[in-house]
Amino acid sequence: MRVDRVDLWEVRLPLIRPFRTSSSQRAAISHIVVRVEVDGIPGWGECVAPIDPYYCEETTGTCWLILTEFLIPAVLNRDWSCIDDFRALYSRVKGNRFAKAGLESAVCVAEAARAGLSLARWLGGTRSLIQSGVSLGIEDDLGRLTDLIAEHLAQGYRRVKLKIAPGHDIDVVRHVRRRYPDLPLQVDANSAYSLEDADHLAQLDAFNLLLIEQPLAHDDIVDHARLQARLQTAICLDESLRSLADVRHALEIDACRIVNIKPGRVGGLIEARAIHDLCLRRGVPVWCGGMHEFGIGRAVNLALASLPGFTLPGDVSGSDKYYAQDLVEPPILASNGQIPVPDTPGLGHQPSTERIQAASRRHWSSLKV
Ligand code: OSB
Ligand code: MG
């Protein structure tokens, strides 16, 4: 097999509702749309790194640079016989996992299409519906937050994740819990605390949360183990887990009891599946996180979340929660808190070149170099 053409577009779409976390605030999302041709068969991917380096080191700009200067030159017109051989072509490139994931998922989509399989089936997915939760940003007004929760519950979503930050944590969770005593509820700190906050965070144990996501630093697995020993609530890691090795290390020292898998964060679908497989063997629940994906990245997440170990509802919601008009047809929509996994060959949601071009800030093509 051979990648004989690659196109990139940096696409910007406004968010319907601005989104605030402990680490960033956004009103629009810029991701890189990747289109490859593998022996003439098209495949689509999305680099889902944020525009700024406040969630992780990578950004839309670093992904563009690494793709055009290193990853694409390493793979273009080179022969390979399976996806692992393809990944080996750029294994010299350290880190830069969001950039790798955008390219790799495009190739996986083309490979699935060639095999006549949906991306989900090609990966080994078994579910035809995934359980969809919502992630709500920080709201200063608690009345507005409970209104948003009510709105999403009315739409059928069954699990809610709240962003927390110092000064915006215990009281918020208490308020929501009073109003919704039985709601499956979890919180995400986006690395805003330190181990000195252990007693403070232990107050969350009173609220029957499913988990607390990434309380401590993005690169600190050891302190998470110390914190987990002082909490009843399960820690789930996001930012800290960048590879299969990171997950193995975290589980070995009980730094987390639940794992958030995002294909972008770990360098692509193949690494994401390996993490899933390890967690399934160890009995560790996993769920699929989100990065405000456009329809392409969202369809990739949907395929991943169809694997059998994804037993917890994830952050993969309908795209209508984020964007007035998404890039794919049909749009990805939840009904009754579930999203159907497409069973047509490849991605199953067709990207619209017209919409991509209309929202594109810059375009790069291997035909022009
Ligand atoms: O920490 O899970 C996170 C969005 C962007 C970056 C990081 C995170 C998030 C979310 C929203 O929580 C997930 C989504 O709705 O796509
Ligand atoms: Mg998170």
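In the predicted model described here, Cys-236 of strand β9 is the bridge partner of Glu-213. The strands concerned, β8 (residues 212-213) and β9 (residues 235-237), run parallel and are joined by two bridges. Both belong to an open sheet of seven strands, in which the pairing is parallel and the order is β5-β6-β7-β8-β9-β10-β11. At the edges of this sheet lie β5 (134-136) and β11 (286-288), each of which pairs on one side only. Helix α5 (residues 142-154) packs on the sheet, where it touches β5 and β6 (160-163), and the direction of the helix makes about 165 degrees with that of β5.

The nonpolar interior was examined next. In soluble globular proteins, nonpolar side chains tend to be buried together. The largest nonpolar core of the model comprises 120 residues, of which Phe-86, Leu-162, Leu-204 and Val-259 touch the most other members. Helix α3 (residues 97-115) supplies the largest share of this core, namely nine residues. At least three residues of the core are drawn from each of two domains, domain 1 (3-116 + 350-368) and domain 2 (121-340). Apart from this core lies another, of five residues, which include Leu-211, Cys-236, Ile-258 and Trp-287. When neighbours within four places in sequence are left aside, Val-259 is in contact with Cys-236, Leu-237, Leu-241, Val-247, Ile-275, Cys-279, Val-284, Pro-285, Val-286 and Trp-287.

Most residues other than glycine have a negative phi, and most peptide bonds are trans. The peptide bond from Glu-329 to Pro-330, however, is cis, with omega near -10 degrees, and Pro-330 is found in the loop between β12 (328-329) and β13 (338-340). A positive phi, of about 50 degrees, is found at Asn-96, although this residue is not a glycine. Asn-96 is placed in the loop between α2 (83-88) and α3, and with a relative accessibility of 22% it counts as partly exposed, because that category covers values between the limit of 20% for buried residues and that of 50% for exposed ones. Ser-191, likewise a residue other than glycine, has a positive phi near 65 degrees. Ser-191 lies in the loop between β7 (185-188) and α7 (198-202), and its relative accessible area of 25% makes Ser-191 partly exposed.

Notes: Residues are numbered from 1 along each chain as its sequence is written. Chains are lettered from A and ligands numbered from 1 in the order in which they are written. This is a predicted model: local features need pLDDT of at least 70, side-chain atom pairs count only at pLDDT 80 or more; totals for chains, interfaces and linings use all residues. Side-chain values use heavy atoms; hydrogens and water are left out. A nonpolar core is a set of buried Ala, Val, Leu, Ile, Met, Phe, Trp, Tyr and Cys residues joined through side-chain atoms within 4.5 Å. Buried means under 20% relative accessible area, exposed over 50%, partly exposed in between (1.4 Å probe, protein chains only). Helices (H or I, at least four residues) and strands (E, at least two) are DSSP runs, numbered from the N terminus. Domain bounds come from an automatic or database domain assignment. Contact means heavy atoms within 4.5 Å. Two strands pair if DSSP finds at least two bridges between them. Axes are lines fitted to C-alpha atoms, for helices over the stretch in contact, and angles run from 0 to 180 degrees between N-to-C directions.
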